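User: I'm new to this one. Could you walk me through how to read a few of its features?

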Amino acid sequence: MPASSPIGRREVGARLGPLGLASLLSSHTLPPARAGADLVLPPIGLGTCCDDAPTALHLVSLGLQAGYRLIDTAGHYDSEPAVGAAIDKAVEHGILRDKGEVTVCTKIWFTEMGYDKTIAAARRSLENLRSDQIDLLLVHFPGSPDSVQDPKRNRELRASTWRALETLRDDGLVRSIGVSNWSRRHLRETLATCRIHPSVMQTEVHPRHQQEELREDCRAAGIKVMAHCPLAHGSPLLLGDPTLMRIANNYGKSPAQIALRWSLQKGVIPLPHGSSKTRITENLGALSFELSASSMASIDGLEVGDRAAFNPSLIA
């Protein structure tokens, strides 16, 4: 498969209710998100980190009913097989016309890094997702946290793991490949040695940790940024921030919707987790309005470098 092979556009408008993704997109100006020249992704996705399998099946089913057409999971998550089951269930019940309407992103855990292990892990993910092709496969971390003092080993793991992803892409088992939690240093290293460039970088981005330099590196390389922890794991330091609350009150929206809309207007695909039907639907509502330039500037001022998740720069 050539390096420019596309994921292709997803049909996102079928069988959705009034709060579905299609109606929200048609009511506002936000276009589908692009990664490089070919990869077209929905502008917002549903995260499934830390959910057990029954919970994930329930929440992903609710998300598909609400209109999400991008689902994020990982080989390390209990949610991965539940994502496959929820998509099949949605097709069976007529929520989806076919499985191709949904883009699924999954990841290779650091214990599965290395060429042969990565190939085997990807095949397990295919089985879990009940699919013959993974839409988007990322390397979850740039190495093992217990190898912090072994930079040579981690460099070798990153290189061999990326070669495996390139092989999976060539063989048609994966449509597009990318990285997750890479620092600027890790990204420079991969870009200098890879045959196929990453199409996506998934990393922590929210108003308190904006990663402007990393996002600019990705923009320059044609890499689309996805945000895990776009709400900082629900931290009151973010969602209770007086500036965010004031802006939310002005727009008649929730602080979470304001934070997600900020990500969207920064060109970042947020992947919020929703713990209930109300939260899942509320998060999707970030598509239905636009923040002014002055509101965006006020939110830009919340940057303090405050991480809610592990700092991958600690990985050698």
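Analyst: Strands (E, at least two residues) and helices (H or I, at least four) are DSSP runs, numbered from the N terminus. Keep in mind that this is a predicted model, where local features need pLDDT of at least 70, side-chain atom pairs count only at pLDDT 80 or more, and totals for chains, interfaces and linings use all residues. Residues are numbered from 1 along each chain as its sequence is written, and side-chain values use heavy atoms, leaving out hydrogens and water.

User: In which sense do β7 and strand β8 (residues 200-204) pair?

Analyst: Two strands pair if DSSP finds at least two bridges between them. Here β7 and β8 run in the parallel sense, over three bridges, with Val 179 opposite Met 201 in β8. Strand β6 (residues 134-139) also pairs with β7 in the parallel sense, over five bridges, and Leu 138 stands opposite Gly 178 in β7.

User: And how do I read helices α5 and α6 together?

Analyst: Two packed helices are described by the angle between their axes and the distance between the axes. For α5 (residues 151-170) and α6, the axes come within 11 Å and cross at roughly 50 degrees. Arg 155, Arg 158 and Trp 162 in α5 meet Arg 185, His 186, Glu 189 and Thr 190 in α6, where contact means heavy atoms within 4.5 Å.

Technical notes
Axes are lines fitted to C-alpha atoms, for helices over the stretch in contact, and angles run from 0 to 180 degrees between N-to-C directions.
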